[in-house]
Amino acid sequence: MRLLTHNMLSSNIKGVTNGFPLRIEAEKVVEKTVEMNADFLKKMFEKIQWKAFIDASRAMGYTELPEEVDPTTLESDEFLSKFHHALLELHLEEGALVCPETGRRFPVNKGIPNMLLHEDEV
Amino acid sequence: MPSRTAQIRLMSSHEEVYEPCDDSFALVDALLADCNNLLKHCPTLCMEIGCGSGYVITSLALMLGQEGLAVNYIATDINPLAIRVTRETMDAHGVDAELIITDIASGLEKRLAGSVDVIVVNPPYVPTPEDEVGVGGITASWAGGENGRSVIDRILPVADRLLSEKGWLYMVTLIANNPSEICLYMREKGYASRIVIQRSTEEESLHIIKFWRDLDIEGDNEKASADKSAPGRLMEYVLTQLPPFTFWRCSDRDNK
């Protein structure tokens, strides 16, 4: 699971009002290189919730991203490179995503999050 | 020349996962027929709801992946085995997607709202008793309840929420699902629709429908809500969208 996906996931448990972001418990992180596309990164930048993204990247062991960003940050190639790496090249292989309100753990196995709810959570 | 669709010989499989069949091939044929439009459309995010064996999402990724577009793919399935098979299928074809085990798009809807440019779905459309819906395993891939619409009717509002302004939805339906009713429902949400492929086999009469947002329709809907003759006008419109019935046999596929 990439951090792009993590930034798009929120807790779907019934009654939860503040289910984003899910806290990452990282047991195994792998890095897989993929080609960079600046246009794609710029589009994704607009959708990403930055605080959640930077916290998540730290949970995955990556500390190179700046705390504060604004649209001008995108002009830096160095930033784009780091953004690309954190967004698309870090994979949570094993671990869990934790609902910030209930503490319920959604397991991540082989890079795949399981967001299926139990009957009483729907 | 690299294949533009998934190859059967490279597909992974499992007895509890739906194998590609006429409906899957029809959906991929619809995407292939629209491939030039899809490429010109420059989608950023494409999603499959109910990826099964991975045949459709893999084919979509192959079709769009060769032009240097940067596209991100997401696929969901309620069956964890299907997700595993999709991963294996994608790996075998050298393509990639973010895979999530979930019911339709649960967990993604809030953050992905208005962000997905292409959604493809081959839903469980077979009319079955209601108690077969939601049973799990491979049954989830076909059991559609009354008129085969139980899951389709849950997918449509989710798709509406996820689709971007320029978003396109491609969906497989059966005649039994009452496609004109589906198109009417979507029209009320501001979507135009077109049957892009109509295919009849011995068992099924498939309609692959494409939906897209149409500002003229959104304007009409606002006027229609004040106009008493609206239902008649809407039905008239829907009937003009259905071409005269055409029928040809499903082409042979090498699915050995």
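What follows is a short tour, grouped by topic.

This is a predicted model, and the predictor gives the complex an ipTM of 0.97 and a pTM of 0.89. Two chains meet here: 24 residues of chain A are in contact with 22 residues of chain B.

**How confident is the predictor?**

- For chain B, the mean pLDDT is 88, and 86% of the residues reach 70 or more.
- Residues 244-256 of chain B are another matter, as the pLDDT there is below 50. Even so, this stretch has 22 contacts in the model beyond near neighbours in sequence.

**Chain B in outline**

- Chain B is built with nine helices and seven strands.
- Of the 256 residues in chain B, 55% are buried.
- Take the contacts in chain B between residues at least 6 apart in sequence: 75% of them join residues at least 24 apart.

**Where the two chains meet**

- The size of an interface is often given as the accessible area lost when the parts come together.
- Here, chain A and chain B bury about 2000 Å² between them, and 56% of that is on carbon and sulfur atoms.
- On the chain A side, A:Met8, A:Ile112 and A:Leu116 lose the most area to chain B, together accounting for 27% of what that side buries.
- Between the chains, the count is 10 residue pairs in polar contact, with both residues at pLDDT 80 or more.
- Three elements of chain A each give two or more residues to the side that touches chain B: helix 1 (3-6), helix 2 (38-47) and strand 4 (112-113).
- Helix 2 of chain A provides the largest share of that side, with four residues.
- Sorted by class, the side of chain A that touches chain B has 13 nonpolar, eight polar and three charged residues.

**Salt bridges across the interface**

- How many salt bridges are there between chain A and chain B? The count is two.
- Is B:Glu98 buried or exposed? B:Glu98 is buried, because its relative accessible area of 4% falls under the 20% cut-off.
- A:Arg2 counts as buried too, at 8% relative accessibility.
- Salt bridges that share partners link A:Arg2, B:Arg87, B:Asp96 and B:Glu98 into one network.

**Salt bridges within a chain**

- Over all chains, a search of the whole structure finds 18 salt bridges.
- One to look at is B:Arg187 with B:Asp220, where the closest N and O atoms are 3.5 Å apart. B:Arg187 lies in helix 7 (residues 179-188) of chain B and B:Asp220 in helix 8 (residues 215-224), so the pair ties together parts that are 33 residues apart in sequence.
- Over in chain A, the side chains of A:Arg23 and A:Glu25 meet in a salt bridge, at 3.9 Å from N to O.
- A:Arg23 is partly exposed, with a relative accessible area of 49%, and A:Glu25 is partly exposed at 25%.

**A stop at B:Ser13**

- Where is B:Ser13 found? B:Ser13 is in the segment before helix 1 (22-33) of chain B.
- B:Ser13 is partly exposed, with a relative accessible area of 45%.
- Leaving aside residues up to four places away in sequence, B:Ser13 touches B:Glu19 and B:Val85.
- From B:Ser13 to B:Leu31 is 18 residues in sequence and 23 Å in space, C-alpha to C-alpha.

Technical notes. Residues are numbered from 1 along each chain as its sequence is written. Chains are lettered from A and ligands numbered from 1 in the order in which they are written. Side-chain values use heavy atoms; hydrogens and water are left out. Buried means under 20% relative accessible area, exposed over 50%, partly exposed in between (1.4 Å probe, protein chains only). Contact means heavy atoms within 4.5 Å. Buried area is the accessible area (1.4 Å probe) that two parts lose on being put together, summed over both. A salt bridge is a side-chain nitrogen of Lys or Arg within 4 Å of a carboxyl oxygen of Asp or Glu. A polar contact is a pair of N or O atoms within 3.5 Å; within protein, one must be able to donate a hydrogen and the other to accept it, and residues adjacent in sequence count only if both atoms are side-chain atoms. Ala, Val, Leu, Ile, Met, Phe, Trp, Tyr, Cys and Pro count as nonpolar, Asp, Glu, Lys and Arg as charged, and the others, Gly among them, as polar. pLDDT is the predictor's confidence in each residue, from 0 to 100.
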